[in-house]
Amino acid sequence: MTDSTSRFFEKNRKERLDVVEKIAHLTKQERETLESLGGIGFEQADKMVENAIGTFSFPLGIATNFLINKKEYLIPMVIEEPSVIAAASKAAKIARVHGGFTVRNDESYSIGQIQVVNVDVESATKKILGSTKEILSLANSKSNTLSKMGKGAKEVTCKKLGTPVGPMLIVELLIDVGDAMGANVTNTMCEGVAPLVEKITGGKAILKILSNYSTRRMVYGSAVFDKDEVGGEKTVDNIILAYQFAANDEYRAVTHNKGVMNGIIAAANATGQDTRAIEAAAHAYAARTGKYTSLTEWSKDENGNLVGKIALPMSVGIVGGIINVHPTAKVCTKILGIESASELACVLAATGLAQNFSAIRALASEGIQKGHMRLHARNLAAAAGAGPDQIDRIVEQMAKEGNISINRAKELLGQ
Ligand code: MEV
């Protein structure tokens, strides 16, 4: 955290942009992209989807204070929900006391699946595994870019699936996709090798498609939250109780994980990721034991400080896809200062853990409505016509009276 980012929320828009421009070394054009509130124009939108009639924008904010693997980050977040960016920044500030977030991810392997029917699965499996080299070489011939980088298809595995309509062979290609999200190249490789797989097995290949359950792109993070900063021993204990609720009850776990995803998806949106893929994989992982549970774990260390851990699959990319075409996503990726997809995965996991911390800390102490109602009061005061110099006083008065409504905001404005 630098002096310029402290009390970031008190700065006006220009001051915030000045700070971001300086820290992220934005060019004049990149700053203009942020100032223009633009994103993409209609022509781009029309090329991206069918039947386009316009574009749709969301707030973009910056979460501050993040120290991840000893590196400072400003995290751009695109989200419509109040409190999320403030909560992430606050959690990151507390995490800094004990060194910030430590996050690692081991590999960037995408999984492609080829569904083969009308085969004797056992003998077909032997034949496929015996032809691994040939299959990998054909797969890799479909991407010069990955091959040149020493990446690309690395492993072939087989599994037998028993189904009510008979057994199936599922051939899986494990592809090191490097800094790409990798959906396109994975699908291309699967489709490319399917005729060979049919020839080897004598079966029929039906689906050839990437699996979004990206368990070979796991990310693991942790942070220690100082007990005094958290609010004392009682709050630490209550947070652990809140976690145990989520760990043991799927109704609570879904909401708990929604809090985690508030952080991850907001930062993923800002950097132009396929957020549906991230969500789908995260929830499948949360249910990996057969019972849906928390994506995070909370406990105490020997000093009574709160320890948070997160683990989830994270399939993200910084080359290809929307990042090539969306100017704001490009600038946000620059603001993050990341150099690889792995680094982005680590940042997203840290943001998820931070978000979850703030949510359960609020829930386990004063509740979340107090903060929400203050923001709501600000919105009401603005909707009633209060100017920037009047909003704080009106909010203060409404909070004091416990009467937060548009009518009261109008009355106070009249006075
Ligand atoms: C609201 O968007 C997210 C929370 O409900 C998460 C949680 O309950 O842990 C506050």
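Predicted model: local features only at pLDDT ≥ 70, side-chain atom pairs only at ≥ 80, totals over all residues.
Residues are numbered from 1 along each chain as its sequence is written, and side-chain values use heavy atoms, with hydrogens and water left out.

The secondary structure of the chain amounts to 17 helices and 10 strands, where helices (H or I, at least four residues) and strands (E, at least two) are DSSP runs numbered from the N terminus. The C-alpha trace spans about 85 × 50 × 40 Å along its principal axes. Of the 415 residues, 50% count as buried, a term that stands for under 20% relative accessible area, with exposed meaning over 50% and partly exposed in between (1.4 Å probe, protein chains only). Among contacts (heavy atoms within 4.5 Å) between residues at least 6 apart in sequence, 71% join residues at least 24 apart. The chain carries 48 positive and 45 negative side chains, with the centres of the two sets 2 Å apart; Lys and Arg count as positive and Asp and Glu as negative, His and the chain ends not being counted, and each charge is placed at NZ of Lys, CZ of Arg, CG of Asp or CD of Glu.

Helix α2, formed by residues 28-35, has E30, R31, T33 and L34 as its buried residues. Viewed down the axis of α2, these residues fall within an arc of 150°, so they line one face of the helix, the arc being that of the directions from the helix axis to the C-beta atoms. The face turned away from this buried side carries the exposed residues K28 and Q29. The buried residues of α2 pack against α1 (13-24), β1 (60-68) and α13 (327-336), and just after the helix L37 takes a positive phi of about 55°.

Helix α15, residues 369-383, has 15 residues and reaches 20 Å from its first C-alpha to its last, close to the 21 Å expected at 1.5 Å a residue, the expected span being 1.5 Å times one less than the number of residues. The buried residues of α15 are A377, L380 and A381, and, because they fall within an arc of 95° when seen down the axis, they line one face of the helix. An α-helix has 3.6 residues a turn, so residues three or four places apart point the same way. On the other side of α15, N379 and A383 are exposed. The buried residues of α15 pack against α16 (388-401) and α17 (406-414), and the helix is followed by G385, whose positive phi is near 105°.
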